[in-house]
Amino acid sequence: MSIQLPADWWILVVAALLVGGVLAGGFASRLRLPGLLLFLVLGMVIGDDGLRLVSLGDPRVAQIGGTIALLLILYEGGLTTKPKDLWAGAVPGSLLATVGVLLTAGVVGAGTYFLLDIDVLTAFLIGAVVASTDAAAVFAVLRRAPLPRRLASLLEVESGANDPLAIMLTIGLIETWRGAPGVADWAGFAVLQLGGGLAIGGLIGIAGSWTLMRVNLGPEGAYPVLALGIAGLSYGAAAAAGASGFLAVYVTGLIVGAQVPLHRRGIRTFHRGLSGTAEVGLFLLLGVLVFPSQLPAVIGPGLIVTIVLVLVARPIAVVLCLVWLRYRWQELTLISWAGLRGAVPIVLATFPFVAGYPDGLFIFNIIFFVVLVSAAVQGSSIRLVARWLGLRTNTTALDPVAENVPIGSINTEMIEVRVTDDLYIAGRQLKDLTPPHGLITSILRGNRILIPSPRTRIRSGDLVIIAAPHHSSASKRVTAWARGEQPPPTGHHPPRSPSG
């Protein structure tokens with residue numbers, strides 16, 4: 001006797017794909033390959049043109065799944081964006097997210113129209129779909145590529161904020177095919193999408209932050225779930241009002257991440273895992289949706305679109321938007337090369353497909369090919385290009401050195417320092433180190449907790465816990481100390497070198 005439920009087989013297949021995909025992604029990172037690219041390939045292998053383990057005949061399913069995944073990815077991007085990084089990249093990132101998207105769509109559309117024998121509306125639909133960089137791909141690269149903070153902040157803001165305009169252009173062009181909207185219709189649509197998204201995202205972000213800080217939910221695990229519900233409310237309210245739900249959820253994430261220090265660590269950890277799972281599922285889903293047997297027919301047109309996008313449109317947009325802000329040519333070159341395309345363009349490519357546009361399948365296959373090339377070539381060479389341009393740094397810009405963990409309502413907080421090889425404190429004994437703020441209470445090393453003594457030597461990989469009175473600049477002072485930017489206290493001898 002046995003009992004089998006309809007979901008049993010699906011749970012087994014999905015779990016096996018997730019485990020295999022994640023392990024393959026870890027292997028790919030050692031080879032400097034984008035892990036998400038392997039998920040796309042894995043999706044193609046198990047789809048209708050491969051092993052036929054999974055069949056996805058309705059592109060609307062991929063569109064719905066893609067929308068949910070993008071919501072989670074953008075929200076996590078907002079939650080993990082530091083306010084100082086946001087301000088540092090606000091002006092250039094906003095320029096690229098608006099003017100840059102329009103320039104990219106226009107140049108790609110015009111180039112595609114003149115170089116390929118296709119309809120003008122189809123050409124500009126392709127331009128609109130590939131106009132935005134992908135938050136999932138950019139965030140993944142920034143976490144592993146040690147780019148300067150100034151450039152990382154810009155790319156983070158751009159990738160998080162440029163999707164709404166690309167979505168607006170894509171939907172607007174589809175509506176142009178269906179009817180004949182005038183200039184006033186386009187202007188009203190743009191104002192409602194962008195202005196409404198900002199306003200609704202800001203209001204729900206403020207209300208959600210107030211709720212998370214003041215309502216006692218009991219178990220600590222309830223706060224990340226409430227934060228997820230707040231993201232859903234932000235997207236749903238904006239979409240119901242005709243505004244951009246993607247922009248709204250990103251703005252809400254920014255506000256919640258900045259205004260909720262009490263539960264920040266748990267919320268961020270939960271949504272990082274959720275976002276990572278969404279990325280894996282999204283790329284697998286999109287890989288299943290495509291038919292690899294149809295890709296050879298679009299290799300020629302796809303290469304043309306890719307060359308126009310990467311070598312013409314993106315550099316033009318970057319130079320025209322940023323040359324006035326005193327960026328050096330090396331920085332402009334790296335920003336141009338780091339404009340990765342990923343899941344967002346593929347999800348947008350399903351819009352004309354689902355709408356019944358005559359060239360919808362052609363557009364989807366073209367965009368899929370462009371994303372494959374972008375992920376394989378640009379995503380795997382960011383480190384090399386940064387090194388060649390002399391812009392590589394020793395620390396990853398998005399990985400904080402010190403992070404505050406407030407303790408309830410008392411005026412005390414824990415500051416965590418993740419020790420890496422490049423930090424000043426690595427290899428030194430505690431008797432030679434005095435934190436500028438607080439007291440070292442414990443050190444986590446692997447699965448052990450060390451009670452510190454003057455002879456304890458800090459090693460790379462340690463997690464140093466510092467208890468300190470609450471202060472707005474506590475983490476900054478501890479970060480400077482950990483990096484060796486803080487001079488030793490008066491009366492102390494200079495610390496010995498790690499080899500000593």
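User: Where do Glu-175 and Arg-178 lie, and how many residues apart are they?
Analyst: Helices here are DSSP runs of H or I with at least four residues, strands are E runs of at least two, and both are numbered from the N terminus. Glu-175 and Arg-178 share helix α8 (residues 163–178). About one turn of the helix separates them, which is three residues.

User: What is this model, and how are residues numbered?
Analyst: The model is predicted: local features need pLDDT of at least 70, side-chain atom pairs count only at pLDDT 80 or more, and totals for chains, interfaces and linings use all residues. Side-chain values use heavy atoms, without hydrogens and water, and residues are numbered along each chain as its sequence is written, from 1.

User: What is the N to O distance in the salt bridge of Glu-175 and Arg-178?
Analyst: A salt bridge needs a side-chain nitrogen of Lys or Arg within 4 Å of a carboxyl oxygen of Asp or Glu. The side chains of Glu-175 and Arg-178 meet in one. Their N to O distance is 2.9 Å.

User: Why does Arg-178 count as exposed?
Analyst: Buried means under 20% relative accessible area, exposed over 50%, and partly exposed in between (1.4 Å probe, protein chains only). Glu-175 is partly exposed because its relative accessibility is 36%. Arg-178 counts as exposed because its relative accessibility is 51%.

User: Which parts of the chain does the salt bridge of Arg-445 and Asp-462 link?
Analyst: The closest N and O atoms of Arg-445 and Asp-462 are 2.7 Å apart. This pair joins distant parts of the chain, 17 residues apart. Arg-445 is in strand β3, and Asp-462 is in the loop between β4 (448–450) and β5.

User: Is Asp-462 buried or exposed?
Analyst: Arg-445 has 14% relative accessibility, so Arg-445 counts as buried. Asp-462 has 1%, so Asp-462 also counts as buried.

User: In β5, which residue is the bridge partner of Leu-444?
Analyst: Strands pair if DSSP finds at least two bridges between them. Strand β3 (residues 439–445) and β5 have five bridges, in the antiparallel sense. Strand β5 (residues 463–469) is mostly covered, with five of its seven residues buried. The partner of Leu-444 in β5 is Leu-463.

User: How many residues apart are Arg-150 and Glu-331?
Analyst: Their side chains meet in a salt bridge at 3.2 Å, N to O. Arg-150 sits in helix α7 (residues 149–161) and Glu-331 in helix α14 (residues 329–337). The pair links distant parts of the chain, with a separation of 181 residues.

User: Is Glu-331 buried or exposed?
Analyst: Arg-150 is partly exposed, because its relative accessible area is 37%. Glu-331 has a relative accessible area of 7%, so Glu-331 is buried.

User: Which residues are linked with Arg-150 in a network of salt bridges?
Analyst: A search of the whole structure gives six salt bridges. The network that holds Arg-150 also links Arg-328 and Glu-331.

User: What accessible area does the nonpolar patch with Leu-311 have?
Analyst: Patch residues have over 30% relative accessible area and no salt bridge; like charges are joined within 9 Å, nonpolar side chains (Val, Leu, Ile, Met, Phe, Trp, Tyr) within 5 Å. Leu-311 lies in helix α13 (residues 299–322) and is exposed because its relative accessible area is 56%. Ile-299, Ile-307 and Ile-316 are among the other members. By the Shrake-Rupley method with a 1.4 Å probe, where for residues only the protein chains shown count as cover, the patch has about 580 Å² together.
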